[in-house]
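Keep the sequence and the view at hand while you read.

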Amino acid sequence: MPYHLLSIQSHVAFGHVGNCAAVFPLQRQGFEVTAIHTVQFSNHTGYEQFKGDVFPPSHLRTVLDGVEQCGALKNMSALLTGYLGDQHTGEVVLDALARIRSYQPNALYCCDPVMGDVGRGFYVQDGLPEWIRDKAIVHADMITPNQFELSFLADHHIGSLNDAIKAAQIVRKNGPKQVLLTSLDVSELAEDEIGMLLDNEEGSYLVITPKLDFKEVLSGAGDATSALFLAQLLKGAAPEQALQFVAASVYALLKQTAQSGERELQLIAAQDVMLNPPQLFRFKKIR
């Protein structure tokens with residue numbers, strides 16, 4: 001019987017970000033995914049223009065009510081969240097988590113604290129970053145921030161590997177057992193390298209992969225990363241083994257995307273190498 005999980009994130013008609021980057025990788029790994037969309041846009045906001053609507057919390061709660069009335073929440077093994085938009089949407093997320101755990105007390109919560117990035121700053125409404133820091137991550141079993149987001153959540157500048165470990169440890173004191181830093185770019189790495197760092201009570205683990213060049217900023221890779229990491233843990237992988245698989249899987253996806261010359265993640269074309277990455281990268285325990 002496949003695992004069932006609920007994913008609450010953004011949705012785009014064209015391209016692959018939010019639920020459109022997370023649901024398909026989960027399905028390819030054998031998961032049944034119920035998706036609730038926080039927005040529906042024509043395309044992601046990195047383009048010069050986009051059309052669509054942000055769904056109000058009342059709409060999301062109505063959809064959640066319907067999902068529960070179908071009995072779908074009773075078998076949920078996990079909740080995955082990404083782009084929320086504002087803290088009122090966040091309250092619906094916590095409601096969904098409470099409902100799921102009323103049926104399945106051991107259900108996991110993976111929180112991708114989508115709020116901003118290096119070079120862009122915050123791109124969500126005022127108040128949401130603080131809400132995620134103070135209200136959301138305390139309920140999460142794992143979080144998957146980028147470097148900008150982890151620095152904010154810990155209120156700790158990240159300029160070195162030790163800074164990143166310290167920031168992860170600060171955040172873990174607030175609840176999450178696993179902190180996966182999805183894009184580590186610090187002084188210890190070469191210019192053509194990028195890292196993923198996992199920190200938990202057992203230690204800190206680092207995987208380094210080549211940094212690929214893209215003509216334009218690529219969106220959606222973090223959403224896919226969070227989904228793949230959660231899937232591996234639900235399948236019973238040790239966290240450090242999940243890290244190694246995810247780093248290899250995402251690298252294979254990004255490499256095929258770079259070779260295509262396209263602006264969007266090549267999820268469909270790369271689905272086989274994403275599921276069975278041809279190249280694994282050694283993880284190193286650094287703490």
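Predicted model: local features only at pLDDT ≥ 70, side-chain atom pairs only at ≥ 80, totals over all residues.

Residues are numbered from 1 along each chain as its sequence is written, and side-chain values use heavy atoms, with hydrogens and water left out.

Thr 38 lies in strand S2; strands (E, at least two residues) and helices (H or I, at least four) are DSSP runs, numbered from the N terminus. A polar atom of the Thr 38 side chain also lies 2.9 Å from the backbone oxygen of Tyr 83. Among the residues that Thr 38 touches, not counting those up to four places away in sequence, are Ile 8, Val 54, Leu 60 and Thr 89; contact means heavy atoms within 4.5 Å.

Now for Thr 257, which lies in helix H8 (residues 239-260). Its side chain reaches the backbone nitrogen of Gln 266 at 3.0 Å. Beyond its neighbours within four places in sequence, Thr 257 is in contact with residues including Phe 214, Leu 218 and Leu 265.

The table gives relative accessibility, where buried means under 20% relative accessible area, exposed over 50% and partly exposed in between (1.4 Å probe, protein chains only).

| Residue | Relative accessibility | Class |
|---|---|---|
| Thr 38 | 0% | buried |
| Thr 257 | 0% | buried |
| Cys 111 | 3% | buried |
| Cys 70 | 69% | exposed |

What about disulfides (pairs of cysteine sulfur atoms within 2.5 Å)? A search of the whole structure finds zero of them. Cys 111 is in none, and its nearest cysteine sulfur, that of Cys 110, is 7.5 Å away.

Which residues of H2 are buried? They are Leu 60, Leu 64 and Val 67. These cover an arc of only 60° around the axis, so they sit on the same side of H2; the arc is that of the directions from the helix axis to the C-beta atoms. They pack against strand S1 (4-12), strand S2 (32-41) and helix H3 (87-103). On the face turned away from the buried side, H2 carries the exposed residues Thr 62 and Gln 69. H2 is followed by Gly 71, whose phi is positive, near 85°.

How values were computed. Polar contact = N/O pair within 3.5 Å; in protein donor to acceptor, adjacent residues only side chain to side chain. Disulfide = S-S within 2.5 Å.
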